[in-house]
Structure formats: C-alpha cells, structure tokens
Amino acid sequence: MRMDGKLPDSATAEKQSTKYGLKDLWDEFCHSTGLHAVSKIKTPSAKPISIRGLMWMLAVCSTTAFLIYNLIDELETYYSYPTVTKVTTQMTSFVEFPAVTICNRCTLNKTRLDAYPGLEDYFFNTSQELNRNFSFPEPTSDLFHKPLSLEWWRNVSMDGDEMLVMCSFGGEDFECMSRFRPVFTTEGLCHTFNFNNSEIVKAWTAGDDANLILIFNIDQDVYTYKANMAAGIKVLLHHPRLHPDASSTVVMASPGFSTYVALQKQEFSFLPSPYKAFGSQECVDTTHPAFVNPLKYYSPYTYDHCFMECVRVRAFNECGCVGPSDPQDGRICSLVKQHGCYTAFVRKMSKNGAFVEECGCVGACTLERYTAQVSSSSFPANIWTNNVLNTTKARDKEMMIDNFLELRVFYDLIMLKSTTQQPQYTSASLFSNIGGQIGLCLGASILTVAEIAELLVFIIIFLLDKCRGRKARNRIRNW
C-alpha cells in the first residue's frame, strides 16, 4: 500500500471492474450504435430521467412498434404468395398447328340404317326425348338389347372418303384420308387432322390461303334424326396430343358458305404450390421430373382428361358398359343402355357440383388454347359454279349449295401470345422492403442488426459471469 493512501492503478481498475454493470454496457452500446436517437436515451442514475430523455424514449418505442406492425404485415403478404400476371406477344418463325377435328352434324348414315327396320323411328323418338316401349323385329331387337362394337358404329357412320372432297395444306393438295384420322367423340365418328402424329404439323406462313383448306360434303340426303336439328359441320380446334372432347375451341360451318377461321395460339404458365393458380386452387406441375401421370386411360394429364376419365369410369360402374368414344376396356353399350343409362348418367354427373369436387381433378400448370375469329361468305361464287359442280360431282347447283362448304383454318399472324404467372414478392423484394422499413423507422441496416446481436451476446455473458461470481468487464473487452 502506498503512503499517500491511494490505491495502485491495478487496484483502481479492479475496483472499477467490480462496479461494471448493465448500465455501463447500455451506455457503451448507445454511444457506438448506428440506431437513431438511442444515444439520447440516458439510463437513470442518481438523478431521475429527464423529460427530454423520456420524449426520445417514447419516440423510439413508437417507431419500433410501428416497425413491428409493418414487418408483420410484410411477412403476412409474403406468405400469402401473391402473384402478378405478365402477358407477352412474340413473333416466331413458325407456330405449331392445332389438331382440327371435323364432325358432321349428323354422324350417322341413313342408308346404312335401312338394314335395321324401325331403327330410324327409334332415333327420332330418342332425339325428341320421347320415352316409349319399342318392339323391333329381327335383327333390330338383338341390336337394341345386345352390346354393340366399334365396327358396328363405324359401319353406320358417315364415310370420311365421301365427306372430304378436297384437302390442302401450305398450298399443297393431299389425299384427305391419308392425313385425316377417324376418331370417336361424343358427337360420333369424326375425322381429325394433325392428331397424335409423331411430328406435329407446323405453320410457317400466315394467311387464309397458306394453311388448311377443305371442301366438305355433308350429304344431307343421308341424314337421320339426331338430338340437334342443324346441318353443317362442327369444327373442334385442340392440341394435337389431346382428345377432341377435352375443352376444344368450337366453330360451326354451314353448307353454301366458305368459313374462315383465323387462329391465335395462347400459352398459359402458372406457378405450382404454394402459389394459387386458379383462384383458390393450386395447379399440378406436369413438367416436373418427378411428376407421374395418375390417369389410366388418358395422356397427357390435363384437367379435362382427368374429369373425362373420372365420369366415364363412374358411368361404367353404374351402367356396366362404355361408350364408343371411351378409351377404357369394356363392352360397348347397347342402344337401350347407351340412351337410357350411359348418356343420361354422364350428362347428369357433368352438371353435379358435388361429383366434380369428388373427382378431385386439378388443372395443369401449363396449358395451351386456341382463339378463333370466324367469318364467312357465300360458296361458291356464281362464276365458279360450273367448275365446282364438275369438281364435286354434285347433281345440280341446289344440291351443291345444300351440301358443300369450304373451310379455311389458318393463322393470320405467326405470333405466340403467352400469359405467365409470376411471384409478386421474391426473397429479394422481401428483404428490400424489410430493410426499407427498418431504415425508415430506426435508421438501421444489416450491420445495425449485428450490433444489436452483439449487445445481446454481451448481456448473456455478463449475466453468466455474474452468476459464477466472475468479473465480466475485461472478458467482454477481450472479444
């Protein structure tokens, strides 16, 4: 001990260190941190806290509460996964051509039904929804009650060779049935161009004379009774890999007219889970490497294919038979089963909201659609009447006007329209917004957050050392 009664420097430092507390730790943080206004808040010592210090404390607490409120709102918005839609158009060198399915408004051939007496009367009554007990002579009675075959339906249907008179694509004529494929739909036996080919047809040029041109004979003389009373053709425009019944774009064409169908292809791309693609519903990412098509009879997976399989499987379980357009195995319905059970059940279930939900079908995240603008003019022009009569082998002008039509399906522009769903908030935008809120309210940055984390670490060290009876000041300074 020194004679002057003063403690050595080491003893003084030790005495100071024993008095080091949380107040000193806070004072050091206040003078070094980048947080705005924190340095103006003094901890109470011998004197009570000043009014000025109290006001600054209230200001910091208020802005901190406002910051917390905004941060919670930002996080709620981010985890609600909002999206924005981006629409773009792009000129391309080519566009894939859709599949074009042509269905006569009457798919059955009257002359081929003559072998079954009374069958035309049956079709008349069923088309009018007249429920009667029919009694047919042989062989119609067997046909009425026994399962049919696809071959029978083909034999009584319109012949593609007779209906498709002239076909051309890209300015080059081709044999119609060499590129048109017969396919059964809910309409009956139809014929499809560019359907499930190994290579999808492409359109390289635009214009009404550059793509598909057909001359078609509906042959009203062999029409029989159907549920619809129209004459003409039904044109279904759809993706070449999809069944014609799967949500096609529909166009009607009448005899005596040249019908122009100007196409535009649209592509839609939605975000998979957790984002919502269709209102409150999610979509299925069919392009993901881990995706496996859950459908047994239809490929590729789409919402329409899924629902078609669901309702047709249920119809088979209900009626014990399948329709001619169904891909699943099973005996084809007899006429009485077709009209009295199968068709009625499919129609009923398709309108049943509870059944639709029960199927659990979800839309694919990527899909394609075709929009069509339709216009028409008389066919043929008077000056071309004789030429067309010779080409079509029509008996006379009246017969030609009642039965023949021209159809032109084409792209008016080689352009692709894309609708893409994108995240409204990304991780980068979330951090940017949070950083802006923190900077606005407290003038803080990421480094300021590191300072706060350091303060918390020092407080923990201080408390642990105090519990152990150790001195914390030197230890903290050594960090």
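**Notes on the strands and aromatic rings**

1. Let's start at a turn: Gly170 has a positive phi near 65° in the hairpin of strands E4 and E5, where 2 residues sit between the strands. Strands here are DSSP runs of E with at least two residues, helices are runs of H or I with at least four, and both are numbered from the N terminus. This is a predicted model, so local features need pLDDT of at least 70 and side-chain atom pairs count only at pLDDT 80 or more, while totals for chains, interfaces and linings use all residues. Residues are numbered from 1 along each chain as its sequence is written, and side-chain values use heavy atoms, with hydrogens and water left out.

2. What joins E4 to its neighbours? E4 and E5 (residues 172-173) run antiparallel and share 2 bridges, and Phe169 has Glu172 in E5 as its bridge partner. E4 (residues 164-169) also runs antiparallel to E9 (residues 212-217), with 5 bridges between them. For strands to count as paired, DSSP has to find at least two bridges between them.

3. Phe169 turns up again among the rings: together with Phe97, Phe174, Phe180, Phe193 and Tyr411, Phe169 forms one aromatic cluster. Have a look at Phe174 too, because Arg179 lies over its face, 4.8 Å from the ring centre (a charge sits over a ring if NZ of Lys or CZ of Arg is within 6 Å of the ring centre and within 35 degrees of the ring normal).

4. The structure holds 19 aromatic pairs (rings of Phe, Tyr and Trp, the last by its six-membered ring, pair if their centres lie within 6.5 Å; planes under 30 degrees apart are stacked, over 60 edge-to-face, the rest tilted). Phe268 and Phe270 make a stacked pair, because their centres are 6.5 Å apart and their planes meet at 5°. Phe268 is partly exposed, at 21% relative accessible area (buried is under 20%, exposed over 50%, partly exposed in between, with a 1.4 Å probe and protein chains only).

5. Phe291 and Tyr301 are edge-to-face, since their planes stand at 65° with centres 6.1 Å apart. Both lie in the loop between strand E12 (257-269) and helix H10 (303-319), so the pair ties together parts 10 residues apart in sequence.

6. Lastly, Arg347 is in helix H11 (residues 335-350) and is partly exposed, with a relative accessible area of 43%. Its C-alpha atom is 9.4 Å from that of Val311, 36 residues apart along the chain.
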